[in-house]
Amino acid sequence: AEMLAVFALASCALLGLGGRPVAGRAAGAQVRAPTALRVMAAATEIDPAPNPFIERDSNGRPWVQQRARPRRNRQSETVRRMVRENTVTPADFIYPLFIHMADTNVAIPSMPGCERHSLKSMVAEAKEAYAVGVKAFVLFPKVDDALKSNRGEEAYNPTGIVPTAVRMLKAALPDSIVFTDVALDPYSSMGHDGIVEDGKILNDETIEQLCKQALCQARAGCDFVAPSDMMDGRVGAIRDSLDAHGFKNVGILAYTAKYASAFYGPFRDALDSHPGFGDKKTYQQDPANGREALIELRLDEAEGADMVMVKPGMPYLDVIRRLKDNTDLPVAAYHVSGEYCMLKAAAERGWLDERKAVLEALTCFKRAGADVILTYYAKQAAVWLAEDHAQQ
C-alpha cells in the first residue's frame with residue numbers, strides 16, 4: 001500500500017499536478033494534488049489487482065469453484081416461500097384472555113395492549129380474533145380476594161367466573177376451542193398452585209381439589225383442561241375423574257415442562273396471584289434442567305395427556321425440541337408474559353420492529369418443534385399474517 005501511494009504521488013508530480021498552473025485554467029488557478037488515499041481508491045476501482053487464489057470464468061469474472069450454492073434457494077421471495085420449512089398460521093394459536101367479574105375492562109400496565117376483560121368484552125374480543133382465524137382460547141381469571149382460600153374452593157364453584165365465561169364463549173362461538181387453566185393459584189389466599197400446610201405445598205390433597213375444578217369446567221362445556229400446577233400425578237387423576245363422569249372427549253393439555261421462571265411476573269400482575277410467601281421452586285422445574293423435562297413427558301404420556309406444553313417458550317426452545325423428538329403428541333409452547341412485555345418495551349422505544357420481531361419469534365417456535373403456540377399476540381399476529389398473505 002505504501003509503495004502504491006508513493007507511486008501515485010510521483011505520477012501526479014510527473015503529470016504536473018503538484019500545484020503549478022495548468023494549461024487551460026485561469027491564471028492563478030491551481031490543481032490540488034490528490035491525497036494518496038484518493039489515488040489508491042481510484043486505482044483499485046479502475047484496475048483491481050487480480051487475486052491469484054481465485055480463478056476466472058470464461059467471461060473473465062472471479063469464479064470460486066463451488067458447486068453447491070445455498071444462496072440459489074434464497075434469491076427471490078418466490079423461491080424462499082417455495083422451500084420454506086416452517087410456516088405460522090392463525091390456526092396454530094391459542095389466545096390467552098384475562099377475565100374478571102367487573103363490568104369494565106382494566107388495563108395491565110406491565111402488559112401493554114392486554115387487559116382484564118369483563119365477560120361481555122371477553123366475548124367481543126374472542127369474536128374479533130375468531131374473525132381473523134384464531135379459534136382457540138384459554139381463560140385466566142382474576143378472582144376477588146374475598147373468594148380466595150387456602151383450599152381454593154372457589155375453583156369449582158359452578159356459578160364462578162370461569163364456568164360462566166366458558167358457557168358464554170361456547171354460546172357465542174360454538175365451534176371455538178376453549179381451554180381452561182387447572183390450578184389453585186388464582187383462588188388461593190396463599191398465592192400458590194396448591195394447598196399449603198406448615199409452609200409446604202401438599203401434592204395429593206391438591207390433586208383432589210384439581211379434579212373437582214376440572215370436572216366443574218368440563219360440565220360448563222370446555223374442550224380441554226390445562227393443568228398448570230405441576231403436582232405429581234395430577235394428569236392421570238384428572239383423566240380418570242373426567243372419564244368416570246362421562247367426559248371422555250374433554251382433552252388434557254398438560255403443562256409438562258413448566259419452569260420456575262422469572263418471566264411470569266406480568267402474568268401474575270394480571271391475575272394478582274404472586275406467591276404469598278417463598279417461590280414455586282418445589283413444584284415447578286429448575287431452569288437449569290433439560291433432561292428432567294423428559295421424565296415429566298413420559299409421565300404425562302402414560303397418564304393420558306393429549307398435548308404437552310413447554311413454558312416459558314423462547315428461552316426454552318431446546319426443551320421444545322427435546323419434547324418434539326421424544327413424543328408423537330402435539331407439542332405446545334407458551335410465549336409468556338415476560339417475553340411479550342420485552343418485545344412491547346423494545347418496540348415502544350424504537351429498538352425493534354415489533355411486527356417483524358414478533359413474527360420471527362413465532363416462527364422460531366415452529367422451527368423448534370411447536371405445533372401449538374399460546375401467545376398474547378395471537379389476534380395481532382393473525383392480522384399481520386393476513387396482510388402478508390394479501391401482498392403475495
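A pocket here is an open set of points on a 1 Å grid over the protein atoms alone, where a 1.4 Å probe fits and protein lies on both sides within 12 Å along at least five of seven lines, and its lining residues have an atom within 4 Å of a point. Because the model is predicted, local features need pLDDT of at least 70 and side-chain atom pairs count only at pLDDT 80 or more, while totals for chains, interfaces and linings use all residues. Residues are numbered from 1 along each chain as its sequence is written, and side-chain values use heavy atoms, with hydrogens and water left out.

**Largest pocket**
- Its lining has 19 residues, and those nearest the centre are Glu77, Arg84, Leu385, Asp388 and Gln392.
- Two or more lining residues come from each of α3 (77-83), α12 (354-368) and α13 (378-391), and α12 gives the largest share, 5 residues.
- By class, this lining comprises 8 charged, 7 polar and 4 nonpolar residues.

**Second largest pocket**
- Here 17 residues form the lining, with Tyr95, Gly113, Glu125, Tyr340 and Tyr376 nearest the centre.
- The elements giving two or more residues are β3 (93-99), β5 (115-117), α11 (337-348) and α13, and β3 contributes the most, with 4 residues.
- This lining divides into 9 nonpolar, 5 charged and 3 polar residues.

**Terms**
- Helices (H or I, at least four residues) and strands (E, at least two) are DSSP runs numbered from the N terminus.
- Ala, Val, Leu, Ile, Met, Phe, Trp, Tyr, Cys and Pro count as nonpolar, Asp, Glu, Lys and Arg as charged, and the others, Gly among them, as polar.
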